[in-house]
Structure formats: C-alpha cells, structure tokens
Amino acid sequence: MDENNDGTNLKSVVFNNETTFKKSLSFGIKPGHRYESLDYDKIINDCFIKSQQNEGDSSIQKSFGYNKRTILRWILTMLVGILTALTAKLLSFSIESITEIKVSFIEDSFDNHYSHELIFGILAGFNLILSVTSCCLVIW
C-alpha cells in the first residue's frame, strides 16, 4: 500500500526542503499519494502556507467566534434581504393603488353613462402609459 505504480516506496521520497514537507503534511497534503486528483494540484509553497497560518492566528479580532469579515458578510446579506422585501412591498402597494384608481374610474364612468368606446380608449391609453413607463425603467 505504500508503493507507487512504478514500485518506489512512498517513504523513501526525498524532498529538497524538509520543512516544506512537514508543513504540507500539517495541512493534510500528501504529495505522491496514490489517488491524486487530476483536476488540480495542491498548492505547496511558502506564501500559501504563511497565509494559512495567518488565518488561524489569534491576533485576528473575533466576535462570537467569527472574524469581522464573516460578520460583515452576514450583515450585508441581511441588508440585501431587507431591501428586497421593501422593494416587493413597494411594488405590491403601487399595484394595489393603481388598481383602485382604475376601478374607481370605471365605476364613475359607468355611473355617468359615458360611452363604452370612450372608457375603453381611456383605459387602453392609461395601460399604454404604464407599459411604456415600465419599459423605459427597465431599459435605462
């Protein structure tokens, strides 16, 4: 089990830098492992190892077990959700208001005995204005 396909012993693999090998083993990286991934190579260099060690450093200020960046991401996510809900509520309110205006106009028009063609023309023009306005808002 400790042999490669070419018959060499994994324990006899020699690395140029012994400290790099020890550091790479501490991150769970096993160079020359029998079942390596073909998609990517593990990063084994000093800059990566130092950045990984700095992330686990106790000098980073943490609140509730999370660092500031994680907390800011959660706050930003909540703000996006709240703004989305407010936008949906505004759209719902505006649709209800426009519908009430149209219904009251139709009721008043029928009570005053306007012709059906005139009522249809006014409502078609009103709907056309709303459609063109919404298209302009989407396009620009």
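Tutor: Residues are numbered from 1 along each chain as its sequence is written, and side-chain values use heavy atoms, with hydrogens and water left out. In this predicted model, local features need pLDDT of at least 70 and side-chain atom pairs count only at pLDDT 80 or more, while totals for chains, interfaces and linings use all residues.

Student: What makes up the protein chain, from the N terminus on?

Tutor: The order is α-α-β-β-α-α. That gives four helices and two strands. Both are DSSP runs numbered from the N terminus: helices are H or I with at least four residues, strands are E with at least two.

Student: How do you know that the 44 residues of helix 3 span what they should?

Tutor: The expected span is 1.5 Å times one less than the number of residues. For helix 3 that should be 64 Å, and its end C-alpha atoms are 64 Å apart, so the two agree.

Student: Why are helix 3 and helix 4 called roughly antiparallel?

Tutor: Two packed helices are described by the angle between their axes and the distance between the axes. Axes are lines fitted to C-alpha atoms, for helices over the stretch in contact, and angles run from 0 to 180 degrees between N-to-C directions. Helix 3 (residues 68-111) and helix 4 (residues 116-139) pack at about 165 degrees, with axes 10 Å apart. Angles under 35 degrees count as roughly parallel, over 145 as roughly antiparallel, 65 to 115 as roughly perpendicular and the rest as oblique. Helix 3 and helix 4 are therefore roughly antiparallel.

Student: Which residues make the contact?

Tutor: Contact means heavy atoms within 4.5 Å. Helix 3 brings residues including Phe105, Ile106 and Ser109, and helix 4 brings residues including Ile119, Leu123 and Phe126. The contact residues divide into nine nonpolar, three polar and one charged. Ala, Val, Leu, Ile, Met, Phe, Trp, Tyr, Cys and Pro count as nonpolar, Asp, Glu, Lys and Arg as charged, and the others, Gly among them, as polar.

Student: Why is Ser109 called buried?

Tutor: Buried means under 20% relative accessible area, exposed over 50%, partly exposed in between (1.4 Å probe, protein chains only). Ser109 has 1% relative accessibility, so Ser109 counts as buried. Ser109 lies in helix 3. Leaving out residues up to four places away in sequence, Ser109 touches Tyr114 and Ile119. Across the 140 residues of the chain, buried residues make up 5%.

Student: Why is Phe120 called exposed?

Tutor: Phe120 sits in helix 4. Its relative accessible area is 61%, so Phe120 is exposed.

Student: What makes His113 worth a look?

Tutor: His113 has a positive phi of about 60 degrees although it is not a glycine. His113 is in the loop between helix 3 and helix 4. With a relative accessible area of 71%, His113 is therefore exposed.
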